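Here is a walk through a two-chain model, taken one piece at a time.

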Amino acid sequence: MRWWWIPLLLFALFLGVAAYQLNQPKDDFVPSAMIGEPLPAFDLPPALDGVPGVSSADFRDGKPRLLNIWASWCVPCIAEAPQLERLREEGAEIVGVAIRDRPEDVAAFLDRYGNPYTRIGADDLSQVQLAIGSSGVPETFVIDGEGRITHQHIGDIRAEHVPRLLEELRKAGR
Amino acid sequence: MIAGLGLAALWLAAALAALQLYAGAMAQRDGGGAAAALVRPAAVVQGLACAFAFVMLLWLFAVTDLSVKLVATNSHSAKPLIYKLTGAWGNHEGSMLLWVAVMALSGSLIALVERRLPERTMLATLAAQAFVGLGFYAFLIFSSNPFERLPQPPAEGLGLNPLLQDIGLALHPPTLYFGYVGLSVAFSFAVGALLTRQVTPEFARVMRPWVLGAWVFLTLGITAGSYWAYYELGWGGWWFWDPVENASLMPWLAATALLHSASVLAARDALRAWTIMLGVVAFSMSMLGTFLVRSGILTSVHAFAVDPQRGAFILVLLALYIGGALALFALRAGSVSEGQRFAATSREGALVFNNVMLSAILAIVLLGTLYPLLTEAFDVRVSVGPPYFNPVGAIFAVPMLLVMAVGPLLRWRRDSIARIQRPVVLIGVILLAAAAAALAIGGVDLLPLLGLALSAALALASLMPLRRRRLHRVPLSVWGMVVAHFGLAVAVFGMASETAFSDERLAAVAPGETVRVGPWSVTLAEVLPNAGPNWTAIEGHLVASYRDGDPVALDPQSRSFWAPVQETTESALATRWNGQLYAVVGTAGDVGAVTEGDVRRWQLRLWWKPFVTFIWYGGILVALGSALALVGRVAADVKRRTVRARAAERRAEVIE
């Protein structure tokens, strides 16, 4: 067989796949592939002086935590701050990862809106953010005591989301 | 009434296409006769009828005739007139009608003026064109009728997608369609030449203006589309490797390869089978792109008019045309003799090398675009993006740019590197110097570094074919090549510079505060409401100054349209010769602003993008270069023809 049959064969392959796919029901909902997965390994420096940084090892001490992806430049994060404060009052331990931020901005933000975090890591290149499958700021993950992701909350936390997150946190503790 | 006229004209055009196909096919068998005489007139009238149908559609949109379903679902009486008109092709049915109308008109043009090829080949070409047209007519009439009426006209139309209410839309899709149509003509010529076994240099010369024309429009279309996405989507990016963008890039890559291989065939009678295959592939990529966009088979930010039923229809057309043409190619390619031979170190050698590189890049883009489709068949969801396309594409783009710098300096048939040693060394020195300069600035990744170095070398190299020549005697087609190659260097420089040196700043800013980004300091003066004919907006008033120079006002908006309801961000740009400041205010998610006490803070996103505009200047230069080449080639053809006609006249006089 000569090379000039190859384009036709490739095209036939495409036709087959396309015809098959056209007849499949379309489902645009993509569930998070990270649920049930362990946290990717990372070790972030502190986002400002006087606060510890964050590493994936910190999550393997048996205690479930919230991992909050945020930034001082992010307006929805400001809207979310009171809810984080309430979660903290309800006993949730919240670890922050600041995305593409600067220490002075982080400090100003925490001064203004309060600091619900026990640790804050600086993710200057969004590496951790991308590795755990977060595409925007803010996002909040529930991590169980073995460092496994059990829940992903996309967008800012509104008042009505707080009970659900507490529930997820309790489930992760079992 | 108007809708009825339009539909009748569409049916008439379809009937004429059927006649054109039948007569063209009959003429192949009995070698002419009565049938042959019908083909050209049928093509001319078909074009006019189809153009008439499109004008009727424009009219319906201009007067907002809501009894027509397409108008009711895509237009609104409160829209400015210009967007009523552009709305005629800002939807699935209307854009298909525009495509078919342009295709039919180019058929008319060929039928009227093209007489260089053997008549049998021309009739086969026109028959092939009618065959393609017939499928599109069937598609329009049976599955996407733009003139469909509603039994009960609604009181008001649903409006046009606000993202599309922009002058960019008036230019972008039609230019791309003109490009696709040019490739469909090249396809028909390829099929005609294969059917009648006339793969000759003359065939390449006849096909070349159509490929050049298609290339001008595709280049402009992609350039305009990229700029449109850049300022309209508010993400600050100019290329996303989205399936729909790839759908426009693939025909361009194929057309670029086709253009260069057609030049080899025209000048040296080599690469016969390869040119034919590219002719088929280029149009196939246009059809494939249409299929991907319209069927909704891939998830894309652009997906519009998504309908699996229509997808199935287009897939059948694809199977018929591409499958048919590739089968014909497979059967006939063996009988197309190989053509002239040439040495590896020669103009042809360089062109062949770059043809292979272009085809490889095309294959990579095609694979990346279709890969999610393939894995979904096995229930695995993937998304293929820049981490695949950029480095893998670069593997082939880098050697291509290098050869592109040297190729035009080589002679046809056989040459030696030793002869062009000095310019090659000079190009190499510039390459290394630019790379060293980029390294000295620091913080530049490998790919942008390569881009910066290659663009400098290519910019210099592209001008070299002009050296030691009298500029006013250089043929227009050579000027075209020089300008187009230089334009590519400019565009590559813009891409590399934007990637390497962009500065991004995100901030929650209260009025009166100042933010620094790159050499700019930007102050948010105030945020005020604003309103247009069919939207309301909050508008940020920014005062920016470059290195503490004169203040420049920027007014980015966050708009809310009410028909249909949708939020858009209108970015504001401050353009300098050395780059652009890009500002976006407001909505990220639902919360675009937050109030604390009596201070209100707004989400502000700023980018300083050094030399980003060079991407589009380069695109325009490339298109200008190909336009020059097109004019040069057509003018030369006309001149040759008149000279020949005069010589024939003189001979006739002498005999008398």
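This is a predicted model: local features need pLDDT of at least 70, side-chain atom pairs count only at pLDDT 80 or more; totals for chains, interfaces and linings use all residues.

Two strands count as paired when DSSP finds at least two bridges between them.

Chain A has five strands forming an open sheet, in the order β5-β4-β3-β6-β7, with mixed pairing. At the edges stand β5 (117–123) and β7 (149–154), each with a single partner strand, so one side of each has no neighbour in the sheet. On average, neighbouring strands here are turned by 20° against each other, direction ignored.

Now zoom in on β6(A). Strand β3 (residues 65–70) of chain A and strand β6 (residues 139–143) of chain A run antiparallel and are joined by five bridges. If you want one pair to click on, L66(A) has V142(A) as its bridge partner in β6(A). Towards β7(A), β6(A) again runs antiparallel, with five bridges joining the two.

Next, see where the chains meet. The contact takes 27 residues from chain A and 36 residues from chain B. On the chain A side, α1 (6–22) and α2 (75–89) each supply at least two residues. The largest share of that side comes from α1(A), with 11 residues. By class, the chain A residues that touch chain B split into 20 nonpolar, two polar and five charged.

Over to chain B, which has 17 helices and 11 strands. Its radius of gyration is 27 Å, close to the 26 Å that the globule rule gives for 656 residues, so chain B is as compact as a globular protein of that length. Its C-alpha atoms fill a box of roughly 100 × 75 × 60 Å along the principal axes.

Two helix pairs in chain B are worth a look. Two packed helices are described by the angle between their axes and the distance between the axes. Take helix α2 (residues 34–62) of chain B and helix α5 (residues 92–113) of chain B: they pack at an angle of about 150°, with their axes 7 Å apart. That angle makes α2(B) roughly antiparallel to α5(B), because angles over 145 degrees count that way. The crossing is left-handed. Among the residues that meet are A43(B), L48(B) and F54(B) in α2(B), and G94(B), L97(B) and A104(B) in α5(B). This contact divides into 16 nonpolar, five polar and one charged residue.

The other pair is helix α12 (residues 347–376) of chain B and helix α13 (residues 386–406) of chain B, whose axes come within 9 Å and cross at roughly 165°. The angle makes α12(B) roughly antiparallel to α13(B), and their crossing is left-handed. The contact includes F353(B), M357(B) and I361(B) of α12(B), along with F389(B), V392(B) and F396(B) of α13(B). Sorted by class, the contact of α12(B) with α13(B) has 18 nonpolar, three polar and no charged residues.

Technical notes: Residues are numbered from 1 along each chain as its sequence is written. Chains are lettered from A and ligands numbered from 1 in the order in which they are written. Axes are lines fitted to C-alpha atoms, for helices over the stretch in contact, and angles run from 0 to 180 degrees between N-to-C directions. Helices (H or I, at least four residues) and strands (E, at least two) are DSSP runs, numbered from the N terminus. Angles under 35 degrees count as roughly parallel, over 145 as roughly antiparallel, 65 to 115 as roughly perpendicular and the rest as oblique. A crossing is left-handed if the near helix is turned anticlockwise from the far one by less than a right angle, and right-handed if clockwise. Two residues are in contact if their C-beta atoms, placed from the backbone, lie within 7 Å. Ala, Val, Leu, Ile, Met, Phe, Trp, Tyr, Cys and Pro count as nonpolar, Asp, Glu, Lys and Arg as charged, and the others, Gly among them, as polar. The radius of gyration is taken over C-alpha atoms; the globule rule is 2.2 Å times the number of residues to the power 0.38.
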